[in-house]
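Subject: Structure for you to look through

Hi,

Here is the structure I promised to pass on. Please open it beside this message, and then read on for what turned up.

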Amino acid sequence: MRGQPQDFDRVLSSMCTPPHPVAREAAERYLATNPGDPATYQTVADLEDDAVAMLGDIVGLDDPAGYIASGGTEANIQAVRMARNRSVSSDPNVVVPESAHFSFQKAADVLAIELRIAPLTDNYTVDLGAVKRFCDEDTAGIVGVAGSTEYGRVDPIPELANIAHRHDALLHVDAAWGGFLLPFTDHDWHFGHAGVDTLTIDPHKMGQAAIPAGGLLAREDELFDALAVDTPYLESAKQATLTGTRSGAGVASAAAAMQELWPDGYREQYETSVANADFLVDALRERGFDVVEPDLPIVTADVSSELFEALREEGWRVSTTGSDEMRVVMMPHVTREMLSAFLTDIDRLRPTVNINT
Ligand code: 0PR
C-alpha cells in the first residue's frame, strides 16, 4: 500500500483531529468488533452503554437513550427521521436555521420531508420570529444549532424548545462540534437547560475519539421506538440504528477518550482553544483584517481570495464560509506555535498579493 496520511501541522479548518492516545489504542483493540450485533460482540456493546452514559453526563441527561453513530450526519438524519415518523401529518416539515449543517439537506432528501430554512439575526443565530412564522400544524421538528459549523454560534435553545412543543414537534439540538466545549460556557443548550428531545454530539470532533464516532441521544427510549425495525437474523429483536454493521473502533475509542478526558481534560482543551482563538483574533485585527467576534472558538476573518489562495499554496489547509471569510477551527492539534507560523506566512505573503477583498 502506498502513501501516508497528511500531517496535522497545517490543518486549520477541519473539525477532525488526531485521536487521544488512549482512544487510538482502544480503536485498534476493538477493530474487529461490531456493536450492531450486541449478542455476539458483548464487550463492545457494554462499552457503548458506558459511552452513552458519559455523553448523558456531559449533556445533563440522566438515563439517556442513544448510540454511537458514524458521525453527525447520521445522527442528524436519524433525529429528523424520529420527528417525521412520530408526526401525524401527511406532509411534514422541519424548521432549521440557515446555519444548519448540510446534513439536514441530506436528511430532507432521504426522508422526503420539507425543510424550512429560517434566516439568522445579525449575530448569526436563528431569528425566533421567523421560526414562529415558519411553524404550522405540519411541523414535525425544529432544529437548533449549538456550535454552528461556520461561526461557532449557539441558537436560543430554550425558546426553540417552547416553540416546538407548542406545535407538538420535537426539538433537536445539533451540538456535533460544540458538545464537548459547551459544558464549560454559560450557554443554555442541553437537556438539563431546556425541553430538548434529541441531540447530536460527536466524540470524533472535539471529543478526541477516532473516526467514526458520532453521538445521538434522546430524552427517552420511546423516541427510538419510532426508528426500530425487527431483526430476524440477530439474537437481539430490534435495531434502531441507521447502519447495520458498525465500527467497534469508533465506539471503544469514544468510551476511552471520555473516560480519560471528562471533565478535566476537556475543560483544559476548552480553555486552550479559547485562548488560541483570542490570540488569533487580536493578531488578525492588528494586521487590519475584519474578524467576526467569536463565541465558541472558531475564528472567521475577511481575507482576500488572493491571500487565501497563497496560503493554500503554502500548504495551509484553510477553508471559507459561505460568505468567503477564512475560517480557523481551534481543534486540539491547533497550537500557538502553529498559529504563529501561520501569521508569519501571512506577513510574508501580504506584500506579494492584493489583500483587499
Ligand atoms: N453538525 C455540525 C454542526 C457540523 O459542523 C458537522 C460537520 C456535522 C453536523 C456533520 O458531521 P459529520 O461530518 O461527522 O457527519 N462539520 C464539518 C464541516 O462541514 C465536517 C468536516 C469535518 C468538514 C472535517 C471538513 C473536515 O476536514 O466543516
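How do the residues of the shell around the ligand divide into nonpolar, polar and charged? There are four nonpolar, nine polar and four charged residues in that shell. In this count Ala, Val, Leu, Ile, Met, Phe, Trp, Tyr, Cys and Pro are nonpolar, Asp, Glu, Lys and Arg are charged, and the others, Gly among them, are polar.

Before the details, a word on the ground rules. This is a predicted model, in which local features need pLDDT of at least 70 and side-chain atom pairs count only at pLDDT 80 or more, while totals for chains, interfaces and linings use all residues. Residues are numbered from 1 along each chain as its sequence is written, and side-chain values use heavy atoms, with hydrogens and water left out.

**Around the ligand**

The ligand is surrounded by 17 residues, and the closest are Ser-14, Thr-73, Thr-149, Asp-174 and Lys-205. Helices (H or I, at least four residues) and strands (E, at least two) are DSSP runs, numbered from the N terminus.

Taken alone, the ligand exposes 590 Å², and the protein buries 76% of that. Accessible areas come from the Shrake-Rupley method with a 1.4 Å probe; for residues, only the protein chains shown count as cover.

**The loop between β6 and β7**

Lys-205 sits in the loop between β6 (198-200) and β7 (214-218). Is Lys-205 buried or exposed? Its relative accessibility is 13%, so Lys-205 counts as buried; buried means under 20% relative accessible area, exposed over 50%, and partly exposed in between (1.4 Å probe, protein chains only). Apart from neighbours within four places in sequence, Lys-205 is in contact with Met-15, Thr-17, Gly-72, Ala-176, Trp-177 and Met-331, where contact means heavy atoms within 4.5 Å.

Most residues other than glycine have a negative phi, and most peptide bonds are trans. Gln-208, found in the loop between β6 and β7, has a positive phi near 65 degrees. Gln-208 is buried, with a relative accessible area of 8%. Pro-212 is in the loop between β6 and β7 too, and the peptide bond from Ile-211 to Pro-212 is cis, with omega near 5 degrees.

**Two helices with a buried side**

In helix α6, residues 157-166, the buried residues are Ile-157, Leu-160, Ala-161, Ile-163 and Ala-164. Why do they line one face of α6? Seen down the axis, they fall within an arc of 165 degrees, so they line one face of the helix; the arc is that of the directions from the helix axis to the C-beta atoms. They pack against α5 (128-134), β4 (139-145) and β5 (170-174). After α6 comes Asp-168, with a positive phi near 55 degrees.

Helix α10, residues 305-313, has Leu-307, Phe-308, Ala-310 and Leu-311 as its buried residues. Their arc around the axis is only 165 degrees, which puts them on the same side of α10. They pack against β12 (319-320), β13 (326-329) and α11 (336-349). The face turned away from this buried side carries the exposed residues Ser-305 and Glu-313. Just after α10, Gly-315 takes a positive phi of about 100 degrees.

**Two more spots to look at**

Asp-324 is in the loop between β12 and β13. Its phi is positive, about 70 degrees, although Asp-324 is not a glycine, and Asp-324 is exposed, with a relative accessible area of 52%.

A cis peptide bond also joins Trp-262 and Pro-263, with omega about 0 degrees. Pro-263 is in the loop between α8 (248-261) and α9 (264-286).

Best wishes

Definitions and conventions
Near = heavy atom within 4 Å.
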